[in-house]
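These are my notebook entries on a structure that I looked through element by element. The chain itself is shown first, and the entries follow.

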Amino acid sequence: MTVDSSTPSGHGQTVCVTGAGGFIASWLVKLLLEKGYTVKGTVRNPDDPKNAHLKALEGAKERLILCKADLLDFDALRAAIDGCHGVFHTASPVTDDPEKMVEPAVRGTKYVINAAAHAGTVRRVVFTSSIGAMTMDPNRGPDVVVDESCWSDLDYCKNTKNWYCYGKAVAEQAAYEMAKERGVDVVVVNPVLVMGPMLQAAVNASTVHVLKYLDGSAKKYANAVQAYVDVRDVALAHLLVYEAPGAAGRYLCAESVLHREDVVRILAKLFPGYPVPTKCSDEVNPRKKPYKFSNQRLRDLGLQFTPVTQSIYETVKCLQEKGHLKIIS
Ligand SMILES: NC(=O)c1ccc[n+]([C@@H]2O[C@H](COP(=O)([O-])OP(=O)(O)OC[C@H]3O[C@@H](n4cnc5c(N)ncnc54)[C@H](OP(=O)(O)O)[C@@H]3O)[C@@H](O)[C@H]2O)c1
């Protein structure tokens, strides 16, 4: 077959995206379809109206196949991954309930990598980990630059009942171990808190982070810092690490670190009509300082990050458009 420079990068390739209907995965599926890939997207129920947005994507009619698969169902994952050239494993519970979090995150990840090995055609698996697998470490000094060398302390996660971070860290470790055992190429993206417009109808956990400061449910803001990134940049990061032949290891996907006070100030300035909190819940301790981080590895692959203010703005516009937030002018 003759391939000219105008041929999209995914032409003739089939990839699997687990948890295709999720916030990040929906943007990834959209991007992959735009790049010409055929996508096998796993969802728990292909007929659920909550996956309608996937079927409406451009190219979906011709090149999107929705496959029914739970993370604890190896045979279903195997059927979905069979015949694929690549896998994006994004599905994961997003909860601090240990029973619901740890087993599907860890066992599901092992199953996905095993299924990729079974298929025999998979060139690379991209695993969506989290900043939660990196920063939960009470011994990290204030001047340490958070980057791909950082790992969360599992005992600390357990002791503080942070089961989401625990589950993501253990799942990421399991991904490396299983990949080594089965000879699978695994590359990892570690996003920070993800914002930006939603393609799916329902509000996901990270979007609630913004919504709660506008709908009156948060009366005060916490004395805490958080790193942020736009969902479209996270989707692109997945594609870049999949397509770059030399990509390997972890990629921290972060645009900036803000104190909650900065977030509420940005919101109040952009959308002055909402009851955005003006007081911190902690009037005793000094203001927490943002940590330093490096997103150099993804910038080296060509990623230009969306500024956090733009991402916050588009998150709110989307919440208004989808009817999750009353429009106040
Ligand atoms: N959003 C963030 O701020 C953020 C930051 C860092 C990392 N991440 C990671 O990014 C990935 C996607 O997160 P997201 O924000 O897009 O969350 P999301 O919208 O809640 O998507 C999670 C997806 O995982 C699926 N899933 C959960 N449990 C499952 C199970 N047992 N079997 C099959 N599918 C299951 C969900 O399917 P259902 O729709 O059927 O529930 C959903 O499609 C996750 O791995 C998450 O840990 C997210």
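Predicted model: local features only at pLDDT ≥ 70, side-chain atom pairs only at ≥ 80, totals over all residues.

**Entry 1: helices H1 and H9**

I began with H1 and helix H9 (residues 231-243), whose axes come within 8 Å and cross at roughly 60 degrees. That angle makes H1 oblique to H9. I noted the crossing of H1 past H9 as right-handed.

On the H1 side I listed Phe23, Ile24, Trp27, Leu28, Leu31 and Leu32. On the H9 side, their counterparts are Val231, Arg232, Val234, Ala235, Leu236, His238 and Leu239.

**Entry 2: Gly19**

I next turned to Gly19, which sits in the loop between strand S1 (14-18) and helix H1 (23-34). Is Gly19 buried or exposed? I found 24 other C-beta atoms within 10 Å, and because a residue needs 20 or more to count as buried, Gly19 is buried.

I also looked up its contacts, leaving aside neighbours within four places in sequence. Gly19 is in contact with Ala25, Thr42, Thr90, Ala91 and Ser92. I checked Thr128 as well: it is 109 residues from Gly19 along the chain, and the two C-alpha atoms are separated by 11 Å.

**Entry 3: the annotated domain**

I consulted the UniProt record, an unreviewed entry, which carries the annotation "domain: NAD-dependent epimerase/dehydratase" for residues 15-247. Over residues 15-247 I noted 41% helix and 18% strand. The end C-alpha atoms of this stretch are 17 Å apart.

**Entry 4: helices H4 and H5**

The crossing of H4 and H5 is right-handed.

From H4, I recorded Phe74, Leu77, Arg78 and Ile81 as the residues that meet H5. In H5 they meet Tyr111, Val112, Ala115, Ala116, His118 and Ala119.

I located Gly167 in helix H7. Gly167 has 29 C-beta neighbours inside 10 Å and so counts as buried. Not counting residues up to four places away in sequence, Gly167 touches Met101, Val102, Ala105 and Val106. I also compared the positions of Gly167 and Pro98: they are 69 residues apart along the chain, yet their C-alpha atoms are separated by 8.1 Å.

Where does Lys161 lie? I placed Lys161 in the loop between helix H6 (154-159) and helix H7 (163-182). Lys161 has a positive phi of about 55 degrees, although it is not a glycine. I found Lys161 to be exposed, with 10 other C-beta atoms within 10 Å.

**Entry 5: the buried side of H10**

Finally, I examined helix H10 (residues 260-270), where the buried residues are Arg260, Val263, Val264 and Leu267. These residues lie on the same side of H10, because they cover an arc of only 90 degrees around the axis. I then asked what they pack against: which strand and which helix meet the buried residues of H10? The partners I found are strand S11 (256-259) and helix H12 (308-321).

Methods
Residues numbered from 1 in each chain as written. UniProt positions renumbered as here; feature names shortened; annotations may be inferred. Helix = DSSP H or I, 4+ residues; strand = E, 2+ residues; numbered from the N terminus. Buried ≥ 20, exposed ≤ 12 C-beta atoms within 10 Å, placed from the backbone. Arc of directions from axis to C-beta. Contact = placed C-beta atoms within 7 Å. Left-handed = near helix turned anticlockwise from the far one by under 90°. Axes fitted to C-alpha atoms, helices over the stretch in contact; angles between N-to-C directions. Parallel < 35°, antiparallel > 145°, perpendicular 65-115°, else oblique.
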